[in-house]
Amino acid sequence: MKIDANFSVTRGDFRLNIDTIFSAGAVTAVLGPNGSGKSTLLRVLAGLQRIDSGEIVFGDQVVNKAPSIHVVPQERSVGVVFQDYALFPHLCVLDNIAFGPRSLGLSRKASQARAQSQLASLGITDLGPRKPNQISGGQAQRVALARALATEPNVLLLDEPLSALDVQTREGVRAELEKQINGFGGCVVFVTHDPLDAMLLADRVIVLEDGSIAQQGTPSELAARPQTDYVATLMGVNLIRGVADQGVLQVDGGGVLSVPQVELRGAALAVLRPEAITLHLLRPEGSARNVWQGRVRALTPMHDRIRVSIDALPPVVATITHSALADLKLSVGTPIWVSAKTLTIEAFEVGAKKELE
Amino acid sequence: MNKILPGFLALTFVVGLGAFFPSASGAAPKPSGTLTVSAAASLTDVFPVIADAFEKRYPDTEIKFNFAGSSTLMNQVIAGAPVDVIATASESIIQIGVDSELVVRPLRFSKNFLTIAVPLGNPGNISQISDLQQDGLLLGVCDTAVPCGSAAVELFAKNTLEVTAVTRELDVRSVLAKVISGDLDAGIVYVTDVKSAENRVEFVRIPFRENVVTTYPISMVADTREPQLAQRFVNFVRFSTTSQGILRTFGFAKPW
Amino acid sequence: MRNQRAPLFLLVPGLIALLFLVIPLIALILQTPWEAFPKIISSPQALEALRLSFVVSLAATALAAIFGIPMAWLLAREVLPFTGLLRALVIVPLLLPPVVSGVALLEGLGRRGLVGGFLYDTFGITFPFSTVGVVIATTFVAMPFLVITMEGGFRSLHQRYEDAAATLGASSRRVFFRITMPMVAPAAIAGLVLCWARALGEFGATITFAGNFPGVTQTMPLAVYTALESDRSVAIALSMVLLVVSVGVLVALRGKYLQTRAS
C-alpha cells in the first residue's frame, strides 16, 4: 500500500508543507534537523494530528481530506514506534505487545498468543514477564517494534527509532531493525536526524528543512547531487553555488571553478568531494585546472582521517590522512594551496531532481 | 399609663442610684478606659447602639464587643478570656458563672419572647403555633445547647405540641437566615430577630400565655481590670432610660 | 539522620512551628476524658454522627471521583476554551471560607435558589436538611482537592502513552481506563485520600447548607461543635475520634503516596 500525501499543517509560526508519495514496500527515511517538522509529519500520518489543507490517501482510502475527513489512529492500520518507545510502564512486556491485538477485539488468549509469537520472532521470549523498567534500551526498542507489528498494520511509522540508544548498542539494534523492516513488506516511514541511519536503512530519503521538502531521492542521489547546504553537510561533500557557462563556474561570493559539464548554463551547483581535494604548501605544478589559495580555519579529527576546513574562494572542506597532516604540519592559520581535478567535480542545474523510478 | 408610671418612677430612682455608685467609691470622677463586652448573638444589633450612647456620655471610654452563643461566651470566660462584661440570653448560663465566682452581681436588663418566623408569603400557611405540627413542614429551631433551643423545647412542652424540626441550628441567626432564604417554612426565633429583618421575613405572633420568656442578665466579670467602668456599663444598660429606650426600639421587652 | 547542623535562624522558628502545631493536639489528648470515653463514643448520638460522617465522606469522595476526575482530565488536556479561567473557578471553593460555600449553595441549590428553585417547583426536590444536602455540601468543598491533584497527574503524564495506545487500536474509553488511569494511580490515590479527609472534616458548608440534625445532617464535626455548647468533655472525646481517624489514614499511607518523592 502506498501513501499519497499532499497537505499542510500550521502550528503557530510553523508551517509544514508536504507533497510526496511513500511507495508501497519501500522504506522511506525522513531526514531533517530539529524543528524541521519531521515528527509532525509522522504524527499526521499516524492520525494523531489533523491537517489544515490538502489530503492524504492510504492505498485507495482517503484518510485525511481537510477540513472534513479525519480517520482516527485506531482505524488507520498504522503501527508506530515512538521516540523513547512509550512502552506502558504498568504492563509487562507481553501485555504491552498484547495490548494492540486485544484492542482490536481479539480474545485475551489469542492476543497473548500473538504477543508470544512476536516475542519469539524477535528472539526475546524471556522478556515477556518483565516490566519495561527492567529491560535495556535495545530490548525496549525491540519490544516497541514488536508491539507496533502485533496489530499487523499496513504502515509502519518509526520516530527516531535509534536515537535513545547509546553508540555501542546502536549498531546491533540497527542491523536487527534493518532485518525487521525489510521483512515487514508494507510501507515504512521512519524519522531520523542521523544521516547514517537514513543511508543504511532507507530505500529513499526525504529531507525536510523548515517545514518543507528540501530534496528527495535515493541515498546515492542525495550524496551525488545535494540541493542544499544542509544536505551537502549531511553527505559530507562541498556544495558550491554559482553561475555556469561553457565549463566555467563563477562561484557566488567569489572564485572560479572549472567543471566538466560544458553544456551547463546559468545557476548551477557543483559538488566537490572532500577526498578529491589535494592540499599543498607551495603552488602545485600539474594537470589540475582548479588551483586556489587559502588558510586553514579548523582541523577536525575523524576516526581514520582529518577534516580540514579552509577559508578560501570558494571555501571548502578537505579530508586528509594522518600521515599527510604530519607531512604538511598544518595548524589553524597555515596558508595552503588547494587543488581539484576538473573531472572530480560534478556540476548540475539548481533544482534538478532525480526521482526514484 | 397607670402601668408605666410606677415603672418610670422606679427607673429614674435606680438610674440616679446607679450614677451615684461610682462617685461614692471615691474614684476618678471622669470615667475612662476600654471594655470588652461578650454578648449573646441575639444582642448583635442592639448592643453597639447602646455602646454608642455610653461612649457619647463618657467620651474617654471605648466598648469592644464579642458576640457568640451564650454558652460559648460562658465557656470563654471559664477558660479565662479577658472579658470585662458578659450579657447572656440565659439566666441558667450566667448562674454557672456566679456559682464558680467568675461573674458578680448579675442584673436582669431585658426580656425577649419567641415568635414564629416564616418566609415572605408564608408558604407553610402558618397562622398559629399548633400549625407547626403539620407533616412535611420544614421547621427550624436552635439546638438545646443554646438558649433559643431550650426555650423552643419549653414552648412546645408548654403547648403540648408534637413537632419535629429538620434542623437544630447552633444560633438563632442561622435559623432566621434559613427562613429568609426560603429553605425553612418556619423557624422559632426571638421577636427581636424578626424585627431586625423586618422586610425580609414575616412572623406569626405567639400569644403571651402560650409564649416562653427569655430573660437577659448582664454581669461584670470578676477578673476585670476595669471594675468601676464595667459596673458603670452594667448599670447603664440596666437602668438608663437611654439604654432601655434603645432596647425597646429593637423589640426587647422591659426586664420587670 | 544527616550529618548537617541546622543554622539557628532556621532551627528556632522551625521548632516554634513544630510546637505550635503539636501542642494543641497534645492538649486534646491530655484533656480527653478516658474513663468516660467508651460511654461517650458509644452513645447513640455519637454513633449516628460517626456513621453519617463515614457514609457522607465516602459518598462525596465517590461523587468527586465520578465527576471530578473527568473534569480534571478536561482541564489537563485543555480541550475546553478558557481553560485557565475554568481552572481558577474550580479552585475557588478550595480558597473560599466553607461557610461562604454554604451560602453559595443555598443561593444555587436551596429551595428558592437559582437551580434549586426550579427543582423544587418542578419535581418537589429539596436538598437542605437532608443527608443528600450534606453530601452535596461536602462534595462541593472536597472535590477541588481531587481535581487539582488529578489534573497535576494527568498533566505530568506524557501524551505519547495515550497516542501509542490509540495507534494500537484502543478506543478512547480503553485508552483512559487501561492506560491513563493506571499510570496516574499514585496521583489518584493521593487525591482521593485528600478529598476524603477534607470531606470527613467538613463543617461550615454543611451546617450552613444542610443544617444540623442528629442522624440526618449532624456529622462528626457538627456533633463536636454542638457538644461544645453543652458538654465540653463530649466534644473533646468526639474530637479524639476524628484525630485518631486522621492519624490512622496518615499511617496507613505513610511513605506510599503522600510523601514527596525524591526521584
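This is a predicted model: local features need pLDDT of at least 70, side-chain atom pairs count only at pLDDT 80 or more; totals for chains, interfaces and linings use all residues.
Asp245(A) finds its bridge partner in S15(A), and that partner is Arg265(A).

- Strands S12 and S15 sit side by side in an open sheet of 5 strands in chain A, with the order S14-S13-S12-S15-S21.
- Pairing in this sheet is antiparallel.
- At the edges you will find strand S14 (256–258) and strand S21 (346–349) of chain A, each of which pairs on one side only.
- From one strand to the next, the twist averages 40°.
- As background, strands of a sheet pair through backbone hydrogen bonds, either parallel or antiparallel.

**Confidence in chain A**
- Chain A has a mean pLDDT of 85, and 98% of its residues reach 70 or more.
- One stretch to treat separately is residues 353–357 of chain A, where the pLDDT is below 50.
- Beyond near neighbours in sequence, residues 353–357 have 8 contacts in the model.

**Where chain C touches chain B**
- On this interface, 15 residues of chain C are in contact with 17 residues of chain B.
- Helix H12 (residues 220–230) of chain C gives the most to the chain C side, with 4 residues.
- Sorted by class, the side of chain C that touches chain B holds 5 nonpolar, 6 polar and 4 charged residues.

Definitions and conventions
Residues are numbered from 1 along each chain as its sequence is written. Chains are lettered from A and ligands numbered from 1 in the order in which they are written. Two strands pair if DSSP finds at least two bridges between them. Helices (H or I, at least four residues) and strands (E, at least two) are DSSP runs, numbered from the N terminus. Axes are lines fitted to C-alpha atoms, for helices over the stretch in contact, and angles run from 0 to 180 degrees between N-to-C directions. pLDDT is the predictor's confidence in each residue, from 0 to 100. Two residues are in contact if their C-beta atoms, placed from the backbone, lie within 7 Å. Ala, Val, Leu, Ile, Met, Phe, Trp, Tyr, Cys and Pro count as nonpolar, Asp, Glu, Lys and Arg as charged, and the others, Gly among them, as polar.
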